[in-house]
Amino acid sequence: MGLLSALKKLITGEGQEIPKSPPKPEEKPVAQPVAEVVEKPAEKPGDVKIEQKVEVTKEEKPVAEKITAGHVHLSGCTGCLVSLADNYEGLFKLLDDYVDWVYDLTLADVRHVPEMDVAFVEGSVCLNQDLAVEELRETRKKSKVVVALGGCACYGNVTRFGRGGQWNQPAHEAYVPIGDVIDVDLYIPGCAPTPQQILHVAVMAYLLLKGTDEQKELATSYLKPLMDLAKRGTEACGCDLMYDVINQSLCMGCGLCAASCPVRAIEMVYGKPQIDTSLCIKCGACYAQCPRSFLNLDVINEFEGISELVAAAMATGGE
Ligand code: SF4
Ligand code: SF4
């Protein structure tokens with residue numbers, strides 16, 4: 001079954017037992033503080049009887065059908081988080097039906113990394129900052145899937161050029177992509193990645209973890225190019241851009257690679273990038289910026305269809 005037709009079946013439920021929409025969350029009992037009156041016996045005559053009110057909070061039942069996810073913010077510009085939040089009503093749908101957002105410096109009041117199904121890590125990690133390294137290692141330990149969100153987490157991007165000396169963080173000198181410190185399952189490159197792509201990955205991660213075997217297979221097909229990027233590692237150079245994008249006729253001539261190259265090793269000639277590999281310092285910025293670097297030929301012909309179907313899932317999910 002082709003990826004497109006299988007996804008169509010997934011959304012329409014046609015001819016199979018796959019649910020049309022993700023299972024509805026169980027009704028969450030509202031936690032009600034219960035006041036209990038405890039009477040302290042009077043110990044000797046004249047003692048005043050004390051009424052003590054004890055607040056007991058009933059445990060909330062977790063919503064088992066959703067996956068749990070969070071955002072770990074390391075050294076970056078917060079552009080990836082802005083991109084995630086730019087999903088507008090899609091984000092609400094995601095949070096209503098697919099995901100419980102359990103960790104985030106900005107959106108959740110949680111101090112310690114909890115167990116998570118999916119962790120989106122933004123930014124590179126500063127090796128001079130023990131807390132950041134520890135938070136990253138803790139994230140790996142407690143998450144089933146770790147996603148490097150954006151160019152800095154994947155390849156270091158511009159943060160590779162941080163050399164310390166700033167008045168507020170003078171000792172911060174060594175920034176590396178998160179894959180240099182922990183194993184990463186999936187990369188979403190881009191500076192920042194598009195809101196749509198973050199949404200697609202979140203829906204597919206849901207299917208990967210909560211779906212039927214067929215749904216898991218589909219999600220794996222969709223996510224495979226991004227998993228392959230993570231397997232390949234944390235360094236990308238101008239040659240990778242040439243082989244994976246330009247020579248595959250995937251380049252659309254947007255010029256982002258040339259604009260991002262800090263040593264001007266890329267020049268746009270007649271709408272196509274020309275790379276001077278003798279100048280390249282292998283920072284990966286061009287690869288992280290290129291909107292076509294994560295596509296492969298197995299998926300590209302069906303990409304528009306996939307986008308439409310994920311949009312349909314977002315429109316019908318949980319109803
Ligand atoms: S071509 Fe430029 S941006 Fe790309 S990896 Fe080399 S130095 Fe970095
Ligand atoms: S960023 Fe990618 S798509 Fe854009 S010009 Fe460079 S190689 Fe082509």
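Two residues are in contact if their C-beta atoms, placed from the backbone, lie within 7 Å. I begin with that definition, as later parts of this talk rely on it.

Good morning. The structure above is a predicted model, in which local features need a pLDDT of at least 70, side-chain atom pairs count only at pLDDT 80 or more, and totals for chains, interfaces and linings use all residues. Residues are numbered from 1 along each chain as its sequence is written, while chains are lettered from A and ligands numbered from 1 in the order in which they are written.

Let us take the chain as a whole. The protein chain has 12 helices and 11 strands; helices (H or I, at least four residues) and strands (E, at least two) are DSSP runs, numbered from the N terminus. Of its 319 residues, 37% count as buried. A residue is buried if 20 or more other C-beta atoms lie within 10 Å of its own, exposed if 12 or fewer, and partly exposed in between, with C-beta atoms placed from the backbone. Among contacts in the chain with a separation of 6 or more, 75% are between residues 24 or more positions apart.

I turn now to the sheet. In general, strands of a sheet pair through backbone hydrogen bonds, either parallel or antiparallel. In what order do the five strands of the open sheet stand? The order is β4-β3-β5-β7-β9, and the pairing is parallel. Here two strands pair if DSSP finds at least two bridges between them. At the edges stand β4 (99-104) and β9 (186-188); each has a single partner strand, so one side of each is left without a neighbour in the sheet. From one strand to the next, the twist averages 25°.

We can follow the pairs across this sheet. Strand β3, residues 67-73, pairs with β4 in the parallel sense over five bridges, and Thr68 has Asp100 in β4 as its bridge partner. Further along, β5 and β7 pair in the parallel sense over six bridges, with Val118 opposite Val145 in β7. Three bridges then join β7 to β9, which run parallel, and here Val147 stands opposite Leu186 in β9. Why is β7 described as largely enclosed by the rest of the structure? Six of the seven residues of β7 are buried, so this strand is largely enclosed.

Next come the helices beside the sheet. Helix α6, residues 195-210, lies across β3, β4, β5 (116-122), β7 (143-149) and β9, and runs at about 135° to β3. Axes are lines fitted to C-alpha atoms, for helices over the stretch in contact, and angles run from 0 to 180 degrees between N-to-C directions. Helix α7 (residues 213-232) packs with α6 at an angle of about 145°, their axes 8 Å apart. On the α6 side, the meeting residues are Val201, Met204, Leu207 and Leu208; on the α7 side, they include Leu218, Ala219, Tyr222 and Leu223. By class, this contact has eight nonpolar, two polar and one charged residues. In this scheme Ala, Val, Leu, Ile, Met, Phe, Trp, Tyr, Cys and Pro count as nonpolar, Asp, Glu, Lys and Arg as charged, and the others, Gly among them, as polar.

Now to the two ligands. A residue is near a molecule if its C-beta atom, placed from the backbone, lies within 6 Å of it. Which residues are closest to ligand 1? Of the 15 residues that surround it, the closest are Gly238, Cys261, Cys280, Cys283 and Cys286. That shell has 11 nonpolar, three polar and one charged residues.

Ligand 2 is surrounded by 14 residues, the closest being Cys251, Cys254, Leu256, Cys257 and Cys290. The largest share, three residues, comes from α8. By class, the shell around ligand 2 has 10 nonpolar, three polar and one charged residues.

I close with some backbone details. Most residues other than glycine have a negative phi, and most peptide bonds are trans. The peptide bond from Cys191 to Ala192 is cis, with omega near -5°, and Ala192 is found in the loop between β9 and α6. Ser249, in the loop between α8 and α9, has a positive phi, near 60°. Is Ser249 buried or exposed? Ser249 has 9 C-beta neighbours inside 10 Å, so it counts as exposed. Arg264 lies in the loop between α9 and β10 (266-269), and its phi is also positive, near 55°. With 9 C-beta neighbours inside 10 Å, Arg264 counts as exposed.
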